[in-house]
Amino acid sequence: MAIPEDVARYIDEVWPQVLDDIAALVAVDSVEDLGAAAPGSPFGPGPRQALDVALGIASRLGLESHDLDGYIGYADLPGASDEVLATIAHVDVVPAGPGWAGDPFKMERRDGYLMGRGVIDDKGPFVLSLWAAEYFKRRGLKLPRTLRCIVGVNEETEMADVPTYLERMGEPWFLFTPDAEFPVGCGEKGVFVTEFTSGPIAGGTLVSLEAGTVHNAIPGEARAVVRKAPEDCPEFPGITLRALEDGTTQVLAQGVGGHASIPAGTVNALGVLASYLLANQLYDQAEQGAFLGFLQSLMNTSGAALGLAATDERFDPLTLVCGVAKTCDQRFTLSVDVRFPPSVTSEHIHSQLFAAAERAGLATAKPHVKEPFYLDPTSPEVEALLAAYSQVTGTPAKAFTMGGGTYARKFAHGVSFGPEEDDPNKPEWAGSMHGPNEAVSEASLKRALAIYIDAIGRLMNL
């Protein structure tokens, strides 16, 4: 690792304040709540509060903070020109979900790691972007371009905050988001999200089915209620049975949660539950059986069971995840999240998925689609980021493509550049983004701050 001495001293000096700022943001439950939207808080009170905290930190650090009616914010370190080099991170989060060892909205320091919802996705990296700007402000030199730290508040759902920014402020010269993984994400798969709903078939032997909170997270826990006594439900690994007062039984399935774009290493609890219910015939209608069969087909994360398997020379294979199951008005609802390379079209995904759903008797909803994007990895800006990463880590760097969706896809000239790297030393208790016990090592965040400082310096001199 080769961090300049003055940068290393700076990081050590400010680190206690960096931690305080991350903790202040983690303390805000900033999940989207459109039911409580209001003027000035279009995505609900949580994102509004997180935006206020974020802009407050920026102002305290001496940056010029601006709020665009609660849709999005930004903080500037004015440069010698109006040309803008921007970062964009988000301070909204996915719901905490079950399985936490502590309060997900109280940051905990443990074994050299930070734990709390948003420490890595994306409140921690957002705070790093502000402190990187503060490093240049402290030096007192006018940068060639204006450095702008954009604060997003709707990344986890629709990215409906970015249109307001682009409409009012226009495209930046270049942008990176301190989200996803290092070295540089120069392309992202397309995203296809939809829901399927059964007829009024709940309430027989299979009374209800529940799992997950958001489409882009793999549920680590799933629950069903069946009209059977516990002694009539066979025991099975990963399944817990609990008698309910009305004579029914709750069937609780355990899996391993994670992000929908990275299903490797996860176990979808819905798959565990569906397999158990089918194997033990804990359903009493052909329609319930067809529904469970369709659900089970969604557990093949390659999409092969539905004729969707696809790859591309520049992208990893297609992934498919069922993230949410609900029961309402005697109907079962399932969400599906597909990340697809350019070698397959959203129209093909629509056709295959919807045909399978209709064979199972499920109604379909209009999908939300984001098409893939790709930025030339040999551009000077990408090469500057790769050089910064290599300089700090001592590791050769190459741009990559991924399945995760970041703000980069919403801008004409942007990439992802974040610290969500695989960590072989992560303690057993530490979880991943979108899962319980979300955690990140302090060492990796310190290294990321050094990388951002180096990268900004290089980009400013292009």
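This report walks through aromatic pairs, sheets, cores and a few single residues in a predicted model.

## Ground rules

Residues count from 1 along each chain as its sequence is written, and side-chain values use heavy atoms, with hydrogens and water left out. Because the model is predicted, local features need pLDDT of at least 70 and side-chain atom pairs count only at pLDDT 80 or more, while totals for chains, interfaces and linings use all residues.

## Aromatic pairs

A pair of aromatic rings is described by the distance of the centres and the angle of the planes. Here, rings of Phe, Tyr and Trp (its six-membered ring) pair if their centres lie within 6.5 Å; planes under 30 degrees apart are stacked, over 60 edge-to-face, and the rest tilted. Helices (H or I, at least four residues) and strands (E, at least two) are DSSP runs, numbered from the N terminus. Both tyrosines are tucked away: Tyr-74 is buried at 7% relative accessibility, and Tyr-165 is buried at 1%. For the labels, buried means under 20% relative accessible area, exposed over 50%, and partly exposed in between (1.4 Å probe, protein chains only).

Next up is Phe-182 with Tyr-389, a tilted pair: 5.6 Å centre to centre, 45 degrees between the planes. Phe-182 sits in the loop between strand S7 (174-177) and strand S8 (185-188), and Tyr-389 in helix H8 (residues 380-393), so the link spans 207 residues in sequence.

## Charges over rings

Tyr-74 shows up again here: the charged end of Arg-148 sits over its ring, 4.4 Å from the centre. The criterion is NZ of Lys or CZ of Arg within 6 Å of the ring centre and within 35 degrees of the ring normal. Arg-314 does likewise with Tyr-374, its charged end lying 4.1 Å from the ring centre.

Strands of a sheet pair through backbone hydrogen bonds, either parallel or antiparallel. In this model, three strands make an open sheet in the order S4-S5-S23, with antiparallel pairing; two strands pair if DSSP finds at least two bridges between them. Strand S4 (108-110) and strand S23 (439-441) are the edges, each with a single partner strand, so one side of each has no neighbour in the sheet. The twist averages 25 degrees from one strand to the next.

Strand S5 (residues 113-115) is joined to S23 by three bridges, with Met-115 partnered by Ala-439 in S23. Helix H9 (residues 442-460) packs on the sheet, touching S4, S5 and S23, and its direction makes about 65 degrees with that of S23. Axes are lines fitted to C-alpha atoms (for helices over the stretch in contact), with angles from 0 to 180 degrees between N-to-C directions; contact means heavy atoms within 4.5 Å.

## Further strand pairings

Strand S12 (residues 221-226) pairs antiparallel with strand S10 (residues 206-211) through five bridges, and Leu-209 has Ala-224 as its bridge partner in S12. S12 also runs antiparallel to strand S14 (residues 249-254), joined by six bridges, with Val-226 opposite Thr-249 in S14.

## Nonpolar cores

A nonpolar core is a set of buried Ala, Val, Leu, Ile, Met, Phe, Trp, Tyr and Cys residues joined through side-chain atoms within 4.5 Å. The largest has 73 residues, of which Ile-22, Phe-126, Leu-385 and Phe-417 touch the most other members. H9 supplies the largest share of this core, 11 residues. Leaving aside neighbours within four places in sequence, Ile-22 contacts residues including Met-107, Leu-114 and Leu-445. Another core lies apart from it, with 48 residues, among them Phe-192, Ala-211, Val-336 and Ala-356.

## Two single residues

Ser-346 is in helix H7 (residues 346-359) and is buried at 8% relative accessible area. Not counting residues up to four places away in sequence, Ser-346 touches Phe-192, Phe-340, Val-369 and Glu-371.

Lys-410 is in the loop between strand S21 (400-402) and strand S22 (414-416), and is partly exposed at 31%. Beyond four places in sequence, Lys-410 touches Met-159, Val-162, Leu-166 and Glu-171. Its C-alpha is 13 Å from that of Lys-189, which is 221 residues away along the chain.
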